[in-house]
Amino acid sequence: MTPPRHLLNTDFPQPFPQAFRGAGIHLYDQAGRAHIDGCSGALVANIGHGQAAIARAMAAQAAELSYVYRYHFSSPAAESLAARYCALTAAPMGAAYFTNSGSEAVEAAVKLARVRHLAAGEPGRFKVISRHQSYHGVTLGALSWSGMPSRQEDYRPYLSGGCHIAPAYCYRCWFARRPETCALECAQALEAAVIAEGPATVAAFIAEPVVGAALGAAAPPAEYFAAVRRICDRHGVLFIAEEVMTGAGRTGGRFFASDHFPGRPDIIVFGKGVGGGYYPLAGALVSTAVAETIGAGRGGFAAGQSYSGHPVGMAAGGAILDFFQAHDLLARAAETGARLGRRLETLRAHPSVGDVRGRGMMWGLEFVADQARRTPFDPRLQYHRRVYAQARVNGLLLLPSGGCDHGRAGDLALVAPPLVISETEVDTLVGILDETLTQVERECPADCG
Ligand SMILES: Cc1ncc(COP(=O)(O)O)c(C=O)c1O
């Protein structure tokens, strides 16, 4: 008899197999079977699994200095990583604060915006404007600012509500525009919301440069963030680029996705890939102007998070940046990612594939019952879960999600393998996905609901 398991399962009914080893893009279960990690876990394992150099750097740091509290000491590893992160953006940032998860980092970013306003003598600014069809994390603040009903519903009584505007979602434009008729209504919605809330009460606008779990790698129109920047400047609102998923080279070519767009953020939130799965590392970068205002007005950021700037995490982060450099990973993610995109485009031949979108090593497939009309599947079919389950059987891990169509319907899968994936492995991955879609379409044709 199998012994009872005490680890809480997810909302998937089946217990998951146990993974015993990871190497590159593969995870190996107890039977030694290889699974292709087609989504880097939750878009975390950007440098791939089992990179021994990172483990060595962490072990060396733990042996030398395993822990300091931010109210007692800084450390060479923390000072160095903060400086390196600040230099990663096209326009260098001013200062870094470290947390242990993306959710906490989002909350820290909002607090930093608030602290900046307090320091600047604007105590009336506290509201956060965010977008529908977005995801910012599990903690109650981050979940309040998210716009993903399926993840929020159960906890509504604890959520603050917040102010949400329309997403920049061209495949299902909320303003019924086509690219040729787009007048950036989704960005103008920000200005309308700021005015409606009262400009002197708004602290920040938070948005993912390319939306991850909630919209399957949907990027905004090219000028969207330039318009956002102008609106924020007009009303003294800070722009927070939420790069928990899009950072760490995920979109190829640049470390942060916000560097692909015009409109510099005041604060950048990072997480996931910066720790690469080796350490739960996340945090927020503030611009030089924000850092100077906070420094002049308040001196700093009073947060006593026990593990902030943990030396072992800092060492992991530093070793991961070294890995990026040694393997030219930003360029590689752009190049191999372009191949992945081209190969995924061929899946449009499947009647269930409505859209293929993304950049670098972050791609999304949106599934539809009718390609021409973009009609979503009946949500009761849980189409995204079917694709996920079949891909799993075939040895491929994907990140599924539902609700992109106003939270009511819509099925997605994120395809976002480790940036170290080879061209041959890209072809294998897409081959398995192709076969998976054929199987799911056979079992569940467009009219099966
Ligand atoms: C865009 C985005 N922000 C924040 C988070 C929360 O990060 P964490 O799970 O590390 O708390 C996630 C997690 O999936 C995310 O995708």
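Helices (H or I, at least four residues) and strands (E, at least two) are DSSP runs, numbered from the N terminus. With that in hand, here's a quick tour of a predicted model, where local features need pLDDT of at least 70, side-chain atom pairs count only at pLDDT 80 or more, and totals for chains, interfaces and linings use all residues. Residues are numbered from 1 along each chain as its sequence is written.

**Around the ligand**
- Helix α4 (residues 102-119) gives the largest share of the shell around the ligand, three residues.
- The ligand has 17 residues around it, and the closest are Ser101, Gly102, Ser103, Gly137 and Val244; a residue is near a molecule if its C-beta atom, placed from the backbone, lies within 6 Å of it.
- Sorted by class, that shell holds eight nonpolar, seven polar and two charged residues. Here Ala, Val, Leu, Ile, Met, Phe, Trp, Tyr, Cys and Pro count as nonpolar, Asp, Glu, Lys and Arg as charged, and the others, Gly among them, as polar.

**Two domains**
- The chain splits into domain 1 (19-50 + 328-443) and domain 2 (54-326), with bounds from an automatic or database domain assignment.
- Taken over C-alpha atoms, the centres of domain 1 and domain 2 are 25 Å apart.
- Domain 1 puts 35 residues into the contact and domain 2 puts in 32 residues; two residues are in contact if their C-beta atoms, placed from the backbone, lie within 7 Å.
- On the side of domain 1 that touches domain 2, the elements giving two or more residues are α1 (40-43), α11 (329-345), β11 (353-359), β12, β14 and β15.
- The largest share of that side, six residues, comes from β14.

**The nonpolar core**
- The largest nonpolar core has 137 residues, and Ala109, Phe205, Ile240, Ile267, Ala284 and Leu414 touch the most other members. Such a core is a set of buried Ala, Val, Leu, Ile, Met, Phe, Trp, Tyr and Cys residues joined through C-beta atoms within 7 Å.
- Helix α10 (residues 311-326) brings the largest share of this core, nine residues.
- Domain 1 and domain 2 both give residues to this core, so it lies between them.
- Leaving out residues up to four places away in sequence, Ile267 touches Ala109, Leu112, Ala113, Leu238, Ile240, Ala284, Leu285, Val286 and Val290.

**Strands and sheets**
- Four strands make an open sheet in the order β1-β2-β3-β13, with mixed pairing; two strands pair if DSSP finds at least two bridges between them.
- Its edge strands, β1 (19-23) and β13 (396-397), each pair on one side only.
- Strand β3 (residues 34-37) runs parallel to β13, joined by two bridges, and Ile36 has Leu396 in β13 as its bridge partner.
- Strand β14 (residues 399-405) has seven of its seven residues buried, so it is largely enclosed by the rest of the structure. Buried means 20 or more other C-beta atoms within 10 Å of a residue's own, with C-beta atoms placed from the backbone.
- β14 pairs with strand β15 (residues 409-415) in the antiparallel sense over five bridges, and Gly402 is partnered with Asp411 in β15.
- Three residues sit between the strands of that β14 and β15 hairpin, where His406 takes a positive phi near 55 degrees.

**Helix α12**
- In helix α12 (residues 383-393), the buried residues are Tyr383, His384, Arg386, Val387, Tyr388, Gln390 and Ala391.
- Those buried residues of α12 pack against β12 (362-367), β13, β14, β15 and α13 (423-443).
- Gly395 follows α12 and has a positive phi, near 90 degrees.

Key:
A residue is buried if 20 or more other C-beta atoms lie within 10 Å of its own, exposed if 12 or fewer, and partly exposed in between; C-beta atoms are placed from the backbone.
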